[in-house]
Amino acid sequence: MAREQWGTRAGFILAAIGSAVGLGNIWRFPYVAYENGGGAFFLPYLFALLTAGIPLLIMEFTLGHKYRGSAPLSYARLHKKAEWIGWWQVAIAFVISTYYAVIIAWAIAYTYFAFNQSWGEDTGGFLMGEYLQRIDLSGGALGEVGSLVPGVFIPLLVVWAVTLGVLFKGVKRGIEMANRIFIPLLVVMFLLIVIRAITLEGALVGLDAFFAPNWSEIMSPGVWVAAYGQIFFSLSIAFAIMITYSSYLGKKSDINNNAFITGFSNSSFELLAGIGVFAALGFMATASGVGVDEVASAGIGLAFVVFPEIINTFPGMNGFFGVLFFGSLVLAGLSSLISIVETFVAGIQDKFKLSRTKAVAFGGGLSAVISLLFATQGGLFFLDTADYFINQFGVALAGLVSVIAVSWFIRKLPELQGHANGVSDFKTGLWWKVCLSIITPIVLGYMAIQNTITNIT
Ligand code: PHE
Ligand code: NA
């Protein structure tokens, strides 16, 4: 059977942007930038985007387009001994999917709570107490794996029904169609919140804190590592995803331009989120008479504790803006989850010559079942562990291995570049090879060593 294909170029770009724009943009980027030099962070960040983000995106798009396979198949066609790199990345994608789904489920529940702020005044107590029913995150709750948390269980079923439903329909009628709806809607909803946020009292205090450049910081290696780490996670590279999506491109699709468009759209969304989040934090800090530093945070705490609090104190239309915020998380998250699940679905589909239906039912089904564990009280403990493990060991190392293999062992950079330049308007030159064979391996190698040292000590 012929390989499926995107309907249009825009459809592919929207899907790639949909994968990139996710929870990482909304709750990770603003805090990472703030903690690592504020306005000064943009220098290492842009450097990382141009030396690693976009060059690697071009590499992954090229692998998928040239070899027309899921990540394991594309790596196998690149070199018969390289297939395992693809499987490693697929394995990372699989683990991420199991807990990414749970967070989207929480966001669905909170979209519902947002209507009349049923999280109450003590939003932290509500999350850990009523909503998650006093889970002992420090462990020791494993004995309660059997007891489901109903407020998580049903939204989680919704998450999987949508994701698997989309994937059953295939590349064009499923993935492309879903992103055509989700991404424009997400942009409009998110813009509305950002516009409202920057007109709140105290917004400027927050923006000042966010953009104030701390130039002395950018000499520290940690800041550069943070910039590269953010770019990798945020662009969904080294997760096999972009290889999978580009394997559905038509023969004559432009690769280099598509990579630039995807990279810059993702970064624009991050900047937008930074502005929105810090404007809102400035409002909250001002209202409660504390410094921005005291309310700034990231991750689950920012989204499910601080934001509900901000929405409680909103000067009107609280429900509306609450729904917009959590609705945005849901849309950004779902379009990313779809891409993660498609990655291992495509992997097993190619390997075992399965129909899409069977591969989705088996691969997606397995992830869904495992993720249900995270909807139990004991399972939530694993959520933290899985996230930590993936970010510490998985990503930098998988990225490192793939660039070194392609540029130094298999030595295919010139051939891949020729392929990409052959179909692209904009041609890459020496910088592309230098970035992938020298700069990126050095930075990723440093990150991998750093991670190992901090984990051992
Ligand atoms: N890029 C997504 C984000 O910024 C996260 C993601 C990671 C998506 C890995 C798919 C794979 O949130
Ligand atoms: Na992102």
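The structure is a predicted model, in which local features need pLDDT of at least 70 and side-chain atom pairs count only at pLDDT 80 or more, whereas totals for chains, interfaces and linings use all residues. Residues are numbered from 1 along each chain as its sequence is written, chains are lettered from A and ligands numbered from 1 in the order in which they are written, and side-chain values use heavy atoms, with hydrogens and water left out.

Ligand 1 sits in the largest cavity, where a cavity is a set of points, on a 1 Å grid over the protein atoms alone, at which a 1.4 Å probe fits but cannot get out, and where sitting in it requires that more than half of the atoms of the molecule lie within 2 Å of its grid points. Around ligand 1 there are 14 residues, the closest being Ala20, Gly24, Tyr100, Phe233 and Ser236; a residue is counted as near a molecule if one of its heavy atoms lies within 4 Å of it. By class, this shell holds 7 nonpolar residues, 7 polar residues and no charged residues, with Ala, Val, Leu, Ile, Met, Phe, Trp, Tyr, Cys and Pro taken as nonpolar, Asp, Glu, Lys and Arg as charged, and the others, Gly among them, as polar. At least two residues of the shell are supplied by each of helix H1 (9-20), helix H2 (23-35), helix H10 (221-234) and helix H15 (318-352), and the largest share, 3 residues, comes from H2; helices are DSSP runs (H or I, at least four residues) numbered from the N terminus.

An oxygen atom of ligand 1 lies 3.1 Å from an N or O atom in the side chain of asparagine 25, and an oxygen atom of the ligand is 3.0 Å from an N or O atom in the side chain of tyrosine 100. A nitrogen atom of ligand 1, in turn, is 3.0 Å from a polar backbone atom of serine 234. Of the 320 Å² of accessible area that ligand 1 has on its own, the protein covers 100%, as calculated by the Shrake-Rupley method with a 1.4 Å probe.

Serine 236, which is among the residues closest to ligand 1, lies in the loop between H10 and H11. Serine 236 is classed as buried because its relative accessible area is 6%, buried meaning under 20%, exposed over 50% and partly exposed in between (1.4 Å probe, protein chains only). Its phi is positive, at about 55 degrees, although serine 236 is not a glycine. Glutamine 117, in the loop between helix H5 (83-114) and helix H6 (123-131), likewise has a positive phi, near 45 degrees. Most residues other than glycine have a negative phi.

Serine 247 is located in the loop between helix H11 (241-246) and helix H12 (256-287), and it counts as buried because its relative accessibility is 0%. Its side chain makes a polar contact with the side chain of arginine 3 at 3.1 Å, a polar contact being a pair of N or O atoms within 3.5 Å, of which, within protein, one must be able to donate a hydrogen and the other to accept it, while residues adjacent in sequence count only if both atoms are side-chain atoms. A polar atom of the serine 247 side chain also lies 2.7 Å from the backbone oxygen of threonine 244.

Methods:
1 Å grid on protein atoms, 1.4 Å probe; cavity = no way out; pocket = protein on both sides within 12 Å on 5 of 7 lines; lining within 4 Å.
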